[in-house]
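Below are some remarks for a colleague opening this entry. Please read them with the model on screen.

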Amino acid sequence: MSSEIIAGILSICDIKIMLLMLMGTIMGIIVGAIPGLSVTMGVALFLPLTFGMEPVAGLSLLVSLYIGGTSGGLISAILLKMPGTASSVATTFDGYPMAQKGEAPKALGVGIVCSFFGGLVSYIVLMFLAPAIAKVALQFSAYEYFGIALFSMTMIASLASDSVAKGIIAAMLGMTLSFVGIAPITSLTRFTFGVTDLNAGFNILPMLIGLFAVAEVLTAIEEKFKKQNLEVRACKIKGFGFTREDIKGQGFNFWVSVAIGTGIGILPGLGGSVCNIIAYSVVKNHSKYPEKFGTGVVDGIVASESSNNACTGGALVPLLTLGLPGDNTTALILAGFMIHGITPGPLLFRSEAVLVYGIFAALIVANIMMLIVEYVGIRAFIRILSVPKNLLLPIVCVFCVVGAFGTNNRVFDVAAMVVFGVIGYGMKKLNYPQPPLILGFILGPILETNLRRGLMRSQGSFIPFLTSPICCVFLIIAVFTLAMTIRKEVLRMKAQKAAA
């Protein structure tokens with residue numbers, strides 16, 4: 001075993017492979033940072049290039065893109081309030097307010113360091129515990145997935161800053177939008193109103209671009225291109241932009257977020273778009289000062305960036321051990337394996353042990369490269385804040401259109417992006433939170449599909465959902481969380497009446 005580990009490490013110790021990984025990391029960061037593009041799109045563009053490479057070289061390039069792209073989303077999330085990827089949505093909650101207060105270096109530095117350590121921990125977990133974890137995850141059925149998804153929906157309360165009712169309405173809207181198109185299992189078309197482009201439903205990327213990027217552009221237009229505060233342009237950055245005092249007491253937040261990210265990444269179908277929001281909600285609920293979240297606190301960035309990068313290692317667990325992709329990007333990495341005639345699964349650690357340990361080594365090296373590249377680029381990233389909005393926003397709009405169209409090469413997706421932009425702008429004006437809509441849209445199909453599968457398996461009986469230990473635990477936690485949410489809302493309304 002030790003000889004195979006050494007051989008795997010040595011397999012990537014080649015100048016060509018190292019340069020490929022560096023290129024992949026840099027391109028991943030760029031793709032992740034540009035609103036409208038996505039990590040999945042970046043991996044898809046580079047996938048054909050790996051055909052003529054050695055397996056270890058091609059797969060090292062793909063995982064470097066994956067790591068760089070996942071972390072790169074924090075740049076635009078913090079500086080522009082436009083998440084570069086779905087896994088950076090929660091980073092905007094506190095990252096952008098920090099940038100507005102002149103603390104962009106601190107926000108970027110904390111995000112970069114948490115990305116690095118979150119990913120590193122998950123890769124160590126992947127290396128040593130992958131087979132054992134995969135066996136546990138393999139036992140999950142429709143009942144367990146339904147319980148986890150329902151529990152995740154209770155996080156809406158934490159995402160609704162002013163009114164839980166508004167958060168629930170936004171989440172219900174998101175779930176309703178997720179039902180558009182062909183229904184799972186039955187394959188019946190729903191809510192299409194005869195429009196054939198709606199048969200495939202709405203894609204998450206145009207929705208994300210519209211709700212955050214386009215809505216932000218419309219808000220900026222309304223403000224008539226007010227000049228930005230250029231204080232951050234002249235600020236001095238020492239190290240990563242933060243001190244030890246800034247992250248003091250963040251150990252609990254970090255480890256909880258990494259555990260959430262790794263755990264959700266292991267479960268196929270959820271991914272970083274869910275885990276960053278859930279980690280943010282959990283950390284906020286356990287904070288001594290939850291009222292400060294959303295105003296620019298380090299805790300929110302630690303939670304989001306630790307969890308979404310930990311999710312990358314978690315998502316590779318089912319891919320390597322079971323041959324099941326954890327999210328859309330690992331599905332393309334699976335295609336990279338297939339291109340080279342390699343089938344991931346339980347026998348991979350025996351038949352291609354050197355390649356597997358080579359990939360493990362590539363993950364750690366690419367993670368280090370990501371840290372170095374983003375550290376070097378902090379000063380360049382911050383200069384984005386000094387660019388006048390009337391010059392910056394048209395460029396952002398172009399990338400948004402390209403990203404929305406490039407998802408499925410459909411003009412319909414561009415139109416959907418614009419519509420969601422108007423919806424996002426309206427939600428901001430009416431003080432409705434946008435994150436619950438995203439969470440409802442993502443979790444809606446998971447809830448519906450697994451509820452249907454479970455009921456079909458039990459011939460219409462809901463009892464197995466309650467007798468399944470894992471599902472039952474999550475349902476109890478969901479009910480408890482809902483009860484506590486109602487109690488908090490009642491107390492808040494009483495306090496408002498007393499103050500009036």
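1. In this predicted model, the charged end of K166 sits over the ring of Y432. The distance from that charged end to the ring centre is 5.2 Å.

2. Aromatic pairs number 13 in the structure. One of them joins F151 and F474, with 5.6 Å between the ring centres and 50 degrees between the planes.

3. Where in the chain do F151 and F474 lie? F151 is in helix 7, residues 142–153, and F474 is in helix 21, residues 469–499. The two are 323 residues apart, so the pair links distant parts of the chain.

4. Are the two partners buried or exposed? F151 has a relative accessibility of 16% and therefore counts as buried, the cut-off being under 20%. F474, at 22%, is partly exposed.

5. A separate point concerns T192, in the loop between strand 2 (189–190) and helix 10 (204–222). Its relative accessible area is 10%, so T192 is buried. When neighbours within four places in sequence are left aside, T192 is in contact with G181, L198 and N199.

Technical notes: Residues numbered from 1 in each chain as written. Predicted model: local features only at pLDDT ≥ 70, side-chain atom pairs only at ≥ 80, totals over all residues. Heavy atoms only, no water. Phe/Tyr/Trp six-rings, centres within 6.5 Å; stacked < 30°, edge-to-face > 60°. Helix = DSSP H or I, 4+ residues; strand = E, 2+ residues; numbered from the N terminus. Buried < 20%, exposed > 50% of the residue type's maximum accessible area, 1.4 Å probe, protein only. Lys NZ or Arg CZ within 6 Å of the ring centre and 35° of its normal. Contact = heavy atoms within 4.5 Å.
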